[in-house]
Amino acid sequence: MIAQKITIEPVTRIEGHAKVTIRMNDDGTVNHAYLHVNEFRGFEKFCEGRMVFEMPLITPRICGICPVSHHLASAKAGDDALGAPPPRPAALLRELMHMGQVVQSHGMHFFELAGPDLILGFDADPAMRNVVGLLQADPQLTLKAINLRKWGQEIIRILGGRRIHPSFAVPGGVNKALTSQERDLILAGYDDVIATIKIGLSIIKDWAEKNSEDINKFAVLKSGYFGLVKPGNTLELYDGMIRLVGSDGVELEKFDPKKYLDYIAEHVEDWSYLKFPYYKKMGFPQGVYRVGPLGRCNASDRIATPLANEELQKFKAMNGGKPIENTLHYHTARLIETLYAAENVKVLLDDPDIMSKQILNTCRDPKPQGIGVIEAPRGTLIHHYWMKDTGQVERVNLIVSTGHNNWAMSESVDSVAKTYINGQEIREGLLNRVEAAIRAHDPCLSCSTHAVGQMPMIVEVRDSSDNLVKTITRG
Amino acid sequence: MKTLIFGYGNQDRQDDGVAWHVLLQLKQVLGLDPDVIDDELDPYADFQVVFQLQLVPEHAEVIACFDRICFVDAHTGSVLEDVHSEIIHPVFDYSPLTHHLTPPSLLAITKNAYNKEPAALLVSVRGYAFGFTRELSIHTAQLVDVAVEKIHHWLKST
């Protein structure tokens, strides 16, 4: 067999360019596979010169899937820049909105994007391996999944006035208090939501039991794990210290997120637009780490809510308390976090301060910089603003979660390609695994714009002279 | 006949938000208040003009309450005409790695989840520039009238 180059390219427009290239050896084995992703530098430039209080409304425009994460990280950066920490009720309300965001985003990913892979099988026809195929296979489950996401979206709408791009958090607090009617409306859906998430957990556990061979040879990567924690190394999504543990589970660092530049550096490869963050002290690639659900579950020891904590302990027990390194267990970790977020909604709504009208700190003590860090559904999100005396933003640095996971996604693609594509004809079924390796991380590749036109996955097989041998189009 | 005009896109990314401009002009043509474009779907409305950032699966529940729907969006290179319109049916368009949901996919979810199949038209307008601004490019702005006329004709003829 002659040397080949395979290119997998979802054709999108602005953000959203991600391409997989698999370089083949002459004997038909994979030499190396790469994932190339664009990043958001255009948006950083766009923000320069804006007033800091405008930023929580501008930056969510980066994304239509997790705008709340940008909204809240931006407000936190504004709190810091203006020296105006929010009153406790405002922090609780922001966290409540964030929980709604996590439930809707994780719920959508598991049931509507990854779920079809798991429930219908990696080798199922792509024409059916989607939410409609799932609907036909299990209509009741799919309706429950849609309602799960709707509940999360409804929390966002109640607090922010709209489901996408809410207007709620401002530097120093929030602009709307919660009423008792709104509180009751959210709580009314709680039991159904918990039941649906438990069904999801039973699906992934059952699937994992039946597919342990796939899980154990599918992108099992050694890396660090990175995420916010509260005291006691308790998993945290809104505010805390960043904890980094090694592949063996030993704590490498625990630091104030505002000092992220002391601990994180970014490596550049000439084949990718996106940089590769790593832990400075260990260098690249030894210091690479993973974020998102797997990163957070591995970086924490416990969860504050009972049902999710029980699931986390079972999860950790699978590897004797050490980090779970199997990429496919991102899905398990994602459901554990969904359970936590839903339980935490009730904890927050039961807090006596949640309906307080003390929601804004109007004191100001401006600083030259402001940093806001939050755990977005896909991982740690950092907003860093350098300020002018006028209150305008002079410079912006955004590190998004898809960026932190850049190495992991690329290595997962490489691992899966080497495992499943080996000296045989490239069939679509094999490429499903490559696609699933990327999807496990739930990257946000194409959220800013959505126009008519397919986003097909085009697979080109080329020989060593770059002649096109075969094209597979998916989509 | 319960009718929904459903535009979507990113208003802050120039021509990606062309649907917003089409909806504003359509409301003027229909003698409706052009200053009000709803951003929440209303299942009880007899006639509604809505703009949102993107389509999502839970829209299916409300879509199912309408008899006919016109989706309005932007498009790029893969579509030949500058202003494209077509009757669409429930077909799931596979999007391998992204969160992208198309109108036929949304109709497919609606049909499978709620057993409803509203008549649907898709009108899309070519986008030329996708910068960080709400002002359309000159080329796309010139196409808004044509899109409005196509929608107006569909409203009168169906």
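The chat below goes through strand pairing in chain B, then a sheet in chain A.

User: Experimental or predicted?
Analyst: This is a predicted model.

User: OK. Strand E5 of chain B, residues 119-126: buried or exposed, mostly?
Analyst: Mostly covered. Seven of the eight residues in E5 of chain B are buried.

User: How many bridges join E3 of chain B to E5(B)?
Analyst: Eight. E3 of chain B spans residues 68-75, and the two strands run parallel. One pair to look at is B:Ile69, whose bridge partner in E5(B) is B:Ala120.

User: And E4 of chain B, parallel or antiparallel to E5(B)?
Analyst: Antiparallel. Six bridges join E4 of chain B, residues 83-88, to E5(B). There, B:Val83 stands opposite B:Val125 of E5(B).

User: What holds paired strands together in general?
Analyst: Strands of a sheet pair through backbone hydrogen bonds.

User: Switching to chain A. What is the strand order in the open sheet with E14?
Analyst: E13-E14-E15, three strands with antiparallel pairing. The edge strands are E13 (369-376) and E15 (393-399) of chain A, and each pairs on one side only. Neighbouring strands of this sheet are turned by 15 degrees against each other on average, direction ignored.

User: Which residue stands opposite A:His384?
Analyst: A:Asn397 in E15(A). The strands involved, E14 (residues 379-387) and E15 of chain A, pair over six bridges.

User: Which helix lies across E13 and E14 of chain A?
Analyst: H3 of chain A, residues 67-82. Helix H3 runs at about 150 degrees to E13(A).

Conventions: Residues numbered from 1 in each chain as written. Chains lettered and ligands numbered in written order. Predicted model: local features only at pLDDT ≥ 70, side-chain atom pairs only at ≥ 80, totals over all residues. Buried ≥ 20, exposed ≤ 12 C-beta atoms within 10 Å, placed from the backbone. Helix = DSSP H or I, 4+ residues; strand = E, 2+ residues; numbered from the N terminus. Pairing = 2+ DSSP bridges. Axes fitted to C-alpha atoms, helices over the stretch in contact; angles between N-to-C directions. Contact = placed C-beta atoms within 7 Å.
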